[in-house]
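The following report describes a protein chain part by part. Please examine the sequence and the structure before reading on.

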Amino acid sequence: EAGGGNRGARNEHVDVRALRGLLEPCRAFAVHRLLDEQHAVVLGEPRQDYQILNPAGSNSADAAALQQLAATYKDRCRLYGWRSDICHLICAADLVVGKPGGLTVSETLACGRPFIATCCLGGQEMHNVQFLQTKKAGMHVEPEQLPDTLNSLFGNPALLRNMKRNAYQLGRPGAAAAVVAEVENILQKADKGARRFHNVSVTNS
């Protein structure tokens, strides 16, 4: 399993959870394109080097193609099946690419990672994308623009750091503990109030 930052793998990491759901058959094509174009020359400059962590789950429509890519590009593409600890993969990545569903975006922000949406079905997903863009914690790009977008982000460490910081602040990783503490505080106050009530005696004058 890849480590965070530059530890345990080549340079940067990007978790490609991209093209899930309705676009599942396109996932292998998108990953292959990223791998092929990673070392292409853009305006005389080489592509940024990064590793793809690809949690395909257990129902991938193109599992065979993804397995072939992982075997061909061993140092740059790691394929994972269904995992109960997906947060570890997200934290090992520098950013997450995927479909902007509510749970996926929330999980990504809770891990302090920017989210790059490659597909948006409108409705709530559009609101999620607009929220990410307004807060500078993510963006929406078309799949064909993804290689250039990643190259640009990994070539600008300051921008990527800012996006991570914004994502972390939005994610509120301590929110669950804060909610529990507040509930306990409310229950304690209610309990004290109930005790005072039971201690009141009523007499006839």
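## A buried charged residue

Glutamate 125 is buried, since its relative accessible area is 10% and the cut-off for burial is under 20%. The structure shown is a predicted model. Glutamate 125 forms a salt bridge with lysine 99, and the closest N and O atoms of the two are 2.5 Å apart. This pair links distant parts of the chain: glutamate 125 belongs to helix H5, whereas lysine 99 lies in the loop between E6 and H4, 26 residues apart.

## Helix H5 and its two faces

Helix H5 covers residues 124-134, and its buried residues are Glu125, Asn128, Val129 and Leu132. These residues lie on the same side of H5, because they cover an arc of only 95° around the axis.

Which elements do the buried residues of H5 pack against? Their partners are helix H4 (102-110), strand E7 (115-117) and strand E8 (138-140). On the face turned away from the buried side, H5 carries the exposed residues Gln124 and Thr134. Lysine 136 follows H5 and has a positive phi, near 55°.

## Salt bridges

How many salt bridges does a search of the whole structure find? The search finds two. Besides the pair formed by glutamate 125 and lysine 99, the side chains of aspartate 94 and lysine 164 meet in a salt bridge, with a distance of 2.4 Å from N to O. Aspartate 94 is in the loop between helix H3 (86-92) and strand E6 (96-98), while lysine 164 is in helix H7 (residues 157-171); the pair therefore ties together parts that are 70 residues apart in sequence.

Lysine 164, with a relative accessible area of 21%, is partly exposed.

## Nonpolar cores

The largest nonpolar core contains 22 residues. Val31, Leu35, Leu69, Leu95, Ile116, Leu146 and Leu150 are the residues with the most contacts inside this core. Helix H1 (27-37), strand E4 (50-55), helix H2 (63-72), helix H6 (146-154) and H7 each supply at least two of its residues. Leucine 35 illustrates the packing: leaving aside residues up to four places away in sequence, leucine 35 touches Ile52, Leu69, Tyr73, Arg76 and Cys77.

Another core, of eleven residues, lies apart from the largest one. Among its members are Ile90, Val96, Val129 and Leu132.

## The surface

The protein chain exposes about 11600 Å², of which carbon and sulfur atoms supply 54%. Val179, Val183 and Leu187 form a nonpolar patch on the surface, and together they have about 270 Å² of accessible area. Valine 179 is found in helix H8, residues 175-198. Valine 179 counts as exposed because its relative accessibility is 51% and the cut-off is over 50%.

## The chain as a whole

The protein chain has eight helices and eight strands. Of its 205 residues, 38% count as buried. Among contacts between residues at least 6 apart in sequence, 65% join residues at least 24 apart.

Notes
Residues numbered from 1 in each chain as written. Predicted model: local features only at pLDDT ≥ 70, side-chain atom pairs only at ≥ 80, totals over all residues. Heavy atoms only, no water. Helix = DSSP H or I, 4+ residues; strand = E, 2+ residues; numbered from the N terminus. Buried < 20%, exposed > 50% of the residue type's maximum accessible area, 1.4 Å probe, protein only. Contact = heavy atoms within 4.5 Å. Areas by Shrake-Rupley, 256 points an atom, 1.4 Å probe, with all protein chains shown as cover. Patch = residues over 30% accessible without salt bridge, like charges linked within 9 Å, V, L, I, M, F, W, Y side chains within 5 Å. Salt bridge = Lys/Arg side-chain N within 4 Å of Asp/Glu carboxyl O. Arc of directions from axis to C-beta. Core = buried A, V, L, I, M, F, W, Y, C linked by side-chain atoms within 4.5 Å.
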